[in-house]
Amino acid sequence: MRADRAEAAGPPIGECARIVRERGGTRPQVHIVLGSGLGGLAERVEGAVRVYFSQLPGFPRTSVAGHEGCLLVGRIAGTPVLVQSGRFHFYEGFGAEIVAAPVRVGRALGAGTLVLTNASGGIRPDLVPGALMLVDDHINLGFQAPLAGPVVPGEVRFPDMSRPYDPELMALAEEVALGAGIRLTRGVYGWVGGPNFETPAEVLALRAAGADVVGMSTVPEAIVARAGGQRVLAISVVTNRAAGLGLEAVDHEDVMAWGAVAGEGLGRVVEGVVGGVGGGGGGRTEGGEG
Ligand code: HPA
């Protein structure tokens, strides 16, 4: 851990939220984070106003290919949303205050619901490239604590994690998927720090630990959101068989390509969930100012 962690304040959340609010106009109900190769969802945002990370004080550039680095304010299925294309990872060398910052900005804007998407490697036999998995629990094998440091106003020191992913939102996602003929199973997301992919022995260890997929994101954001009382839904797009389980080496290009293929189904599920959260009318707001 870095020596300056306790003093690290991170980006000024209120100021970032003010900038996004001024440009975007609407107050988002749902904050959606797009994973690697899943940027296609951004095209579903109606009337999108873009705010680039570079326009927000204290926000660094993301360094990962396939992560654009901007926030889109607009509507999906009539519901006001904040769509985040690009996220910060511990493996980029960022501290907890940076990794958590976008979630805190979304909350400060009024988003009571956080929808996280990610790419992952399938461990369970049925989780092959292109499959969608509803994350119903996770295991923190990244051994990083996104809440380390001073307690941020609006968050609790020791958040309960017995139900990290919202049961009602999961049921809604399943209903939408069923209606659209999209297969969506539940499973456990094993979070690793990355950026290297796993060894086959590590994948066997993950399997023994109870992970159905493995990935390098989502868990820090889910923890921060729960600490601040937001409802969380996470959907994983399986882009490859985890190391040692498939015939090929794991490759970021494949992750991106499969993300684009499965992104269509993911987009339909997310659109249905967002419409359901907003009640279809799109006029309601929820959540506090933060
Ligand atoms: N491991 C970790 N993260 C990933 C993988 C994987 O196999 N695929 C996509 N993201």
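Helices (H or I, at least four residues) and strands (E, at least two) are DSSP runs, numbered from the N terminus. The model is a predicted one, in which local features need pLDDT of at least 70, side-chain atom pairs count only at pLDDT 80 or more, and totals for chains, interfaces and linings use all residues. Residues are numbered from 1 along each chain as its sequence is written, and side-chain values use heavy atoms, with hydrogens and water left out.

**Ligand shell**

| Residue | Protein atom | Ligand atom | Distance |
|---|---|---|---|
| Ala 119 | backbone N or O | nitrogen | 3.3 Å |
| Glu 198 | side-chain N or O | nitrogen | 2.8 Å |
| Asn 240 | polar side-chain atom | nitrogen | 2.7 Å |

Taken alone, the ligand exposes 260 Å², of which the protein buries 95%; accessible areas come from the Shrake-Rupley method with a 1.4 Å probe.

**Pocket and cavity**

On a 1 Å grid over the protein atoms alone, a cavity is a set of points where a 1.4 Å probe fits but cannot get out, whereas a pocket is an open set with protein on both sides within 12 Å along at least five of seven lines; lining residues have an atom within 4 Å of a point. Grid points are joined across faces, edges and corners, and a volume is the space filled by probe spheres set on the points.

The ligand takes the space of the second largest pocket, a molecule being placed in a pocket if more than half of its atoms lie within 2 Å of its grid points. This pocket has a volume of about 340 Å³. Its lining comprises 24 residues, with Ser 36, Ala 119, Phe 197, Met 216 and Val 255 nearest its centre. Two or more lining residues come from each of β5, β8, β9 and α7 (252-277), and β5 gives the most, with four. The lining divides into ten nonpolar, twelve polar and two charged residues.

One cavity of 30 Å³ or more is counted. The largest cavity holds about 40 Å³ of space, and its lining includes Arg 87, His 89, Trp 191, Met 216 and Glu 221. Six nonpolar, three polar and two charged residues make up that lining.

**Backbone geometry**

Most residues other than glycine have a negative phi, and most peptide bonds are trans. The peptide bond from Gly 194 to Pro 195 is cis, with omega near 0°; Pro 195 is placed in the loop between β7 (184-191) and α5 (200-209). Phe 143, a residue other than glycine, has a positive phi near 50° and lies in the loop between β6 (132-140) and α4 (167-180).

How values were computed: Polar contact = N/O pair within 3.5 Å; in protein donor to acceptor, adjacent residues only side chain to side chain. Nonpolar A, V, L, I, M, F, W, Y, C, P; charged D, E, K, R; others polar.
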